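Biologist: I have a structure to go through with you. Can you put it up?

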Amino acid sequence: MFSSSDHEFMSRALQLARRGLYSTTPNPRVGCVIVKDGTVVGEGYHERAGEPHAEVHALREAGERARGATAYVTLEPCSHHGRTPPCVDALLEAGIARVVAAMEDPNPKVAGDGLRRLQAAGIATACGLLEAEARELNLGFVARMTRGRPWLRLKVAASLDGKTALNNGKSQWITSAAARRDAHHWRARSCAILTGYGTVRDDDPQLTVRDVATTRQPLRVVVDSRLEISAHAKVLQGGKVLIAAAVDDGDKIAALRALGAEVVVLPNAQGKVDLAQLIDELGRRGINEVLSEAGFKLNGSLIAAGVVDELLLYFAPSLLGDAAQGMFNLPELSDLGGRRDLNITDLRRVGRDVRILARWV
């Protein structure tokens with residue numbers, strides 16, 4: 001169905017789409033390549049919401065050469081009016097003869113309608129070329145569009161014996177500077193960074209992207225059931241912060257709002273923050289990817305709540321001993337049949353450390 005040339009041009013479109021890895025939220029990362037007589041005549045990618053989509057950039061570069069050409073797009077062209085006009089209309093007006101999409105748009109406002117409109121206008125269409133790669137690039141957007149909540153990536157930095165902090169809470173630094181720099185790339189691509197009050201109290205993190213050039217900072221989210229966070233916490237110093245609480249304490253909420261933070265009260269039956277409701281709330285706010293950087297208690301609670309999609313694990317070549325804090329606070333198993341199996345999707349060295357990406361089987 002697809003030629004080697006089709007694969008080549010779609011691969012290029014995916015390369016372009018990755019340029020928007022840190023900036024397109026809440027929109028998907030999309031690239032477009034326009035080809036005429038075997039030659040690329042236009043390229044483009046979507047950089048940020050509210051600005052032209054990939055197809056528009058590519059068509060502008062192609063100009064009149066777009067007439068009769070093929071457009072390779074990593075996501076089905078949009079057919080609805082959002083902040084910008086439909087890309088389908090731009091493709092039709094430019095006289096594109098064929099459109100190849102890597103995948104259908106999971107947005108219910110599109111969901112195949114873009115391709116159908118092109119077909120109805122006599123444009124040849126094809127879909128599914130390098131679909132797996134395109135989905136992987138936009139797994140957060142796909143998750144939010146299809147299930148209403150973002151993709152949650154849980155990051156843990158641990159010793160080789162699975163310890164994340166000493167018994168007194170000290171954890172800086174277990175992994176190397178190279179691993180910490182690598183983690184900032186994951187922060188940069190995330191729409192939100194999630195942590196708990198315990199981590200804020202013990203480590204006082206900024207939770208900002210510092211080692212990667214980026215035009216935006218993710219929303220910082222702190223799970224703080226009893227609103228115990230200090231007014232002097234670094235995470236409250238500039239930038240958007242959302243505090244998720246379980247108590248509706250008017251005075252504390254007013255004090256936090258005076259510092260520029262937003263507070264949502266989402267209690268569960270145990271008097272803790274309802275984590276599933278919190279992740280759903282982030283989805284309603286247009287959050288595609290969440291990076292959790294928390295302690296072992298919140299790590300375990302997130303897993304138990306069923307909201308963790310992926311584990312990002314950094315292991316340092318060191319041992320901290322049994323008394324140190326572990327990675328996940330999970331209930332004891334009496335039978336191995338109750339274990340949660342994982343599929344390792346990526347394994348590599350980062351400096352002197354080992355990085356593992358794993359997803360539930």
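Modeller: Here it is, and note that this is a predicted model. One place to start is H46: a polar atom of its side chain lies 3.3 Å from the backbone oxygen of R48.

Biologist: Which side chain does the side chain of H46 join in a polar contact?

Modeller: That of N27, at 3.0 Å.

Biologist: Where is H46 placed?

Modeller: H46 is in the loop between strand 2 (39-45) and helix 2.

Biologist: Does H46 count as buried or exposed, and why?

Modeller: Buried, because its relative accessibility is 3% and the cut-off for buried is under 20%.

Biologist: What is H46 in contact with, leaving aside neighbours within four places in sequence?

Modeller: G20, T24, N27, P28, V30, E51, P52, H53 and A54.

Biologist: Changing topic. How many residues are in the largest nonpolar core?

Modeller: There are 41, and M10, I34, A71 and I96 have the most contacts inside it. Elements that each supply at least two residues of this core include helix 1 (4-17), strand 1 (31-36), helix 2 (54-62) and strand 3 (70-73). Helix 1 gives the largest share, six residues.

Biologist: And what is M10 in contact with, again leaving aside neighbours within four places in sequence?

Modeller: Y72, V73, T74, V100, A101, A102, L129 and L130.

Biologist: How many residues are in the second, separate core?

Modeller: That core has 34 residues, among them V221, V290, I303 and F315.

Conventions:
Residues numbered from 1 in each chain as written. Predicted model: local features only at pLDDT ≥ 70, side-chain atom pairs only at ≥ 80, totals over all residues. Heavy atoms only, no water. Core = buried A, V, L, I, M, F, W, Y, C linked by side-chain atoms within 4.5 Å. Buried < 20%, exposed > 50% of the residue type's maximum accessible area, 1.4 Å probe, protein only. Helix = DSSP H or I, 4+ residues; strand = E, 2+ residues; numbered from the N terminus. Contact = heavy atoms within 4.5 Å. Polar contact = N/O pair within 3.5 Å; in protein donor to acceptor, adjacent residues only side chain to side chain.
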